[in-house]
Amino acid sequence: MSAEQTLILVKPDGVARGLTGEILRRIEAKGYAVTGLRMLSADRELLAAHYAEHAGKPFYEPLIDFMSSGPTVAIRAEGDRVIEGFRSLAGTTDPTAAAPGTIRGDLGRDWGLKVQQNLVHGSDSPESAARELALWFA
Ligand code: DAT
Ligand code: MG
């Protein structure tokens with residue numbers, strides 16, 4: 001069986017705070033291979049496709065505004081169980097609740113309960129990973 005792939009994003013807050021290198025370091029230190037790397041300013045069309053599952057939720061518009069507020073770094077990472085493994089490295093969605101030792105727990109901030117500013121995205125299933133990689137590495 002070939003190694004699994006996932007899409008990781010360093011969101012605009014992570015890029016703006018100069019944490020791209022630290023996040024890449026944690027991915028590589030865990031033993032995952034970085035097989036794709038791209039910096040781009042995501043437009044609303046890409047973000048709407050990426051976050052289609054959240055359309056209509058109360059945080060959707062603020063999330064799209066935030067994600068289009070600056071450049072994002074898209075990473076294709078590869079390794080055994082990398083989807084689950086990166087979600088574990090990232091920590092839970094809310095940076096205050098995320099465990100110490102995780103990217104969000106160590107480095108994330110709430111910024112007045114704007115939970116969406118949580119530094120990273122990681123695909124949550126093989127189907128999401130395939131769909132999201134096709135969007136960000138088209
Ligand atoms: P995750 O990024 O941990 O997979 P998700 O897919 O449920 O979380 O949501 C996507 C993003 O939307 C998340 O990173 C931050 C934002 N978000 C989710 N729930 C939120 C909420 N209750 N309030 C504000 N932002 C939220
Ligand atoms: Mg998600």
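Modeller: What follows takes up two of these positions, after a word on confidence.

This is a predicted model, with an ipTM of 0.97 and a pTM of 0.96. The protein averages a pLDDT of 95, and 95% of the residues score at least 70; confidence is highest in strand S1 (residues 4-10), at 99, and lowest in helix H4 (residues 60-67), at a mean of 94. Where pLDDT is low, the predicted coordinates should not be read in detail.

According to the unreviewed UniProt entry, the feature "binding site" falls at Lys11, Phe59, Arg87, Thr93, Arg104 and Asn118. Lys11 sits in the loop that links S1 to helix H1 (12-16), and it counts as buried because 24 C-beta neighbours lie inside 10 Å, where 20 or more are needed. Once its neighbours within four places in sequence are set aside, Lys11 is in contact with Met67, Thr72, Leu119, Val120 and His121.

Asn118, for its part, belongs to the loop between helix H6 (103-107) and strand S4 (120-122), and this residue is likewise buried, since 25 other C-beta atoms lie within 10 Å. Not counting residues up to four places away in sequence, Asn118 touches Thr93, Pro95, Arg104 and Gly108; among these contacts, Thr93 and Arg104 are themselves listed by UniProt under "binding site".

How values were computed:
Residues numbered from 1 in each chain as written. Chains lettered and ligands numbered in written order. Predicted model: local features only at pLDDT ≥ 70, side-chain atom pairs only at ≥ 80, totals over all residues. pLDDT = per-residue confidence, 0-100. Helix = DSSP H or I, 4+ residues; strand = E, 2+ residues; numbered from the N terminus. UniProt positions renumbered as here; feature names shortened; annotations may be inferred. Buried ≥ 20, exposed ≤ 12 C-beta atoms within 10 Å, placed from the backbone. Contact = placed C-beta atoms within 7 Å.
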